[in-house]
Amino acid sequence: MTPEKTPGSTELVRLVAGREISTRLRDRNFIISLVVTVLLLVGLMGFQVAVSSGGDEGRLGVVGDATQIGPAIVAQGEAAGVDVTVVELDDEAAARQAVEDEDVDGALLDADGSQPQLLVQERDSTMEAVVNGAVSGVAISSQLAAAGVEVTEVPQVEVTSLEGDDGNEQERVLTAIIAISLLYGLLIMFGQFVAQGVVEEKASRVVELLLATMRPWQLLAGKIIGLGVLGLAQIVLIGAISIVGALAFDVVDVPGDLISTVVSAILWFVFGYALYASLFAVAASLVSRQEDLGSVLTPTMLALIVGFFIAIQGATDPSSTLAVVTSYIPGLSPLVMPVRQAAGDVALWEVALAVVLMLVAIVAAVRIGGRVYAGALLRTGGRTKLREALAAERA
Amino acid sequence: MLEFDGLRKSFGANQVLDGVSFAVRPGSMFGFCGSNGAGKTTTMRIAMGLARAEAGEVRWHGRPLDQQVRRRIGYMPEERGLYPKMKVGEQITYFARLHGMDAGAAGRASAEWTERLGLGARRGDAVEKLSLGNQQRVQLAAALVSRPEVLILDEPFSGLDPVGVDSLAEALLGQVREGVPVVFSSHQLDLVERLCDSVGILARGRIVAAGTVEELRAAESGRLLRVVVPEAPPGWAGGVPGARVVSEQAGDTLLELAPGTDDQAVLAAALRTGRVTHFAWREPTLVELFRGAVADPRTEDAEVAA
């Protein structure tokens, strides 16, 4: 009577996953949250650009030959944190014209002579200091040369920062904090999706109809994989946007660091999601109403929050004992380890160990959790105790 | 044959099913009756793999039901269940696919069944926006959409208005004509009597009576005698050996005769009181059969093989 073949496990899991994805993609709240996240990220990068580029560029016109004074001005500018471009101008008239047209911020007349003059529209102390420094520097060295003094040996000041390579360090910390916040937000969000989905099926009793066609683990796997694919797509999208944006806006100095942080965040999302989604699903299967969800999710949620705070703290001090120890603990490692990796002082074996421990935890959660889920799914009305669910697996 | 064979199940100290056995022929409708809490739902859930029997099994074509066979069974659970926010058409398509139809066939079957059950205009609406009666139709569509070989329906008629009852009955009879065995439970015994080829009554964890309605009547008939004696004094039949008065109202008397009692002796006693205007064996209704079967422990002996 039925020409249709019976669907296999893969087919059933795929069907369940497909339903989860299409339901979420049509969920307005989900789309809005995605758009808001992306906008926030782009806004953050724009902010970075605005802060780092505000008013530290300048154009200076020099009348006459600038071969000597030009490099001196650029060097002085660099010391003062201003990116100065030197433009050669023909005569004083051209210089006045250029300043009035605001083609240049200032024009230097008679740079090599005894009466150097700086024409500006408005007085600008930084510009004045740069020009003064350059003019006097050039004058002193030419006078010394005229007096026959050799100035080849000018001592260079070597700078040693006690906080390490501070520029890149700050950038890494910031990147790590943003990555961890996103990771945390996505884990919570998709964990909640899984939990709500499980309770929705229990509350609406549709689960009885579903279990007449498939086994509990197939339903659970489909749900977790479907939402996981969506979560992965979202974090990859966000990661790609941040890398492309950061390169385009030239926000970061070391793109390699950013890319490796994004990649490790994505990998840790996969592990973290696998564990937390299973735990959320199992906890949710114990209750039959959305209102009761909060109480059963609290312990798992707490673990995530603790991990998040340790990670934020670890971002500023990645080698603290707390950060090192928690970066191995399954459940905390997905949040803490990426921070340590971003700081760059983690050996490969440490990451491998954290991954292995995490995999062990995931396998345990899936096996024990799967039994609880199967036992609790058909027990509607009130809250099922863990022990009951384990004992009652499909009884 | 769809065979339920020796199902046993207990919840704690409560033995709910104590050897439930019956069989349903392809192309026949089986009405499953019993008091509340008798174990009808548990029996059906065991068939669907939603509860595990301690002993016994359910077979289709001689093969014990497993996950593969169950996908060819249409099921309507007692607790109705659908995704509230999913659209009607998509939901039915989804269930068709879970039962093994490919995307194209599932879409066509979904369109066909929503049309046949009068839901064509509501296909794009979320289930939660529908009236309860219409939700029930969606539930039925979900059970029928995959062209199941067997139908197991738990209280399919409950909550339906008379028009809804008629259209559901029509749909089920259509399935039976196509050779599908249909098992449904119901408290509406008149409906069971009208629709079903055979009936099983579940009480105290066992099938206490099973067979066609006629067979049940045959087992019970020869026991209830209606005698109308307008002039008789109250309690006139009290002295007749082997006869028990079930009811008596102004001479309209219902008597239950013990096996072996001579009905002619009853007639003679009636004639002694005066005029006899009515003397006949009475066909028990299913309601009376049900009451007798459920209430009286002696009827356990009166089991009839289906």
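Helix α9 of chain A (residues 255-285) and helix α12 of chain A (residues 333-343) pack at an angle of about 165 degrees, and their axes lie 9 Å apart; here axes are lines fitted to C-alpha atoms, for helices over the stretch in contact, and angles run from 0 to 180 degrees between N-to-C directions. The two helices α9(A) and α12(A) are therefore roughly antiparallel to each other, a label given to angles over 145 degrees, while those under 35 count as roughly parallel, 65 to 115 as roughly perpendicular and the rest as oblique. This is a predicted model, in which local features need pLDDT of at least 70 and side-chain atom pairs count only at pLDDT 80 or more, whereas totals for chains, interfaces and linings use all residues. Residues are numbered from 1 along each chain as its sequence is written, and chains are lettered from A, with ligands numbered from 1, in the order in which they are written.

**Helix α9 and its partners in chain A**

- Helices (H or I, at least four residues) and strands (E, at least two) are DSSP runs, numbered from the N terminus.
- The crossing of α9(A) and α12(A) is right-handed, a crossing being right-handed if the near helix is turned clockwise from the far one by less than a right angle, and left-handed if anticlockwise.
- Among the residues of α9(A) that meet α12(A) are A:Trp268 and A:Phe271, and the residues of α12(A) that they face include A:Met337 and A:Pro338; two residues are in contact if their C-beta atoms, placed from the backbone, lie within 7 Å.
- By class, the contact of α9(A) with α12(A) has seven nonpolar, four polar and no charged residues, where Ala, Val, Leu, Ile, Met, Phe, Trp, Tyr, Cys and Pro count as nonpolar, Asp, Glu, Lys and Arg as charged, and the others, Gly among them, as polar.
- Helix α10 of chain A (residues 293-316) packs with α9(A) at an angle of about 160 degrees, with the axes 9 Å apart, and that makes α9(A) roughly antiparallel to α10(A).
- The contact of α9(A) with α10(A) involves A:Tyr276 and A:Phe280, among others, in α9(A), and residues including A:Leu297 and A:Leu304 in α10(A); its residues divide into nine nonpolar, one polar and no charged.
- Helix α8 of chain A (residues 216-249) and α9(A) also pack at about 160 degrees, with their axes 10 Å apart, and α8(A) passes α9(A) in a right-handed crossing.
- In the contact of α8(A) with α9(A) there are 20 nonpolar, five polar and one charged residues.

**Domains**

- Domain bounds come from an automatic or database domain assignment, which for chain A gives domain 1 (13-42 + 166-391) and domain 2 (56-146).
- The centres of these two domains of chain A, taken over C-alpha atoms, are separated by 57 Å.
- Chain B is divided into domain 1 (2-212) and domain 2 (222-282), and their C-alpha centres lie 45 Å apart.

**Where the chains touch**

- The contact takes 23 residues from chain A and 26 residues from chain B, and α2 (67-70) and α3 (88-98) of chain B each supply at least two residues of the side of chain B that touches chain A.
- That side of chain B has eleven nonpolar, six polar and nine charged residues.

**Confidence**

- The mean pLDDT, the predictor's confidence in each residue, from 0 to 100, is 83 for chain A, where 90% of the residues reach 70 or more.
- For chain B the mean pLDDT is 86, and 95% of its residues reach 70 or more, although over residues 298-306 of chain B the pLDDT is below 50.
- The predictor gives the complex an ipTM of 0.78 and a pTM of 0.75.
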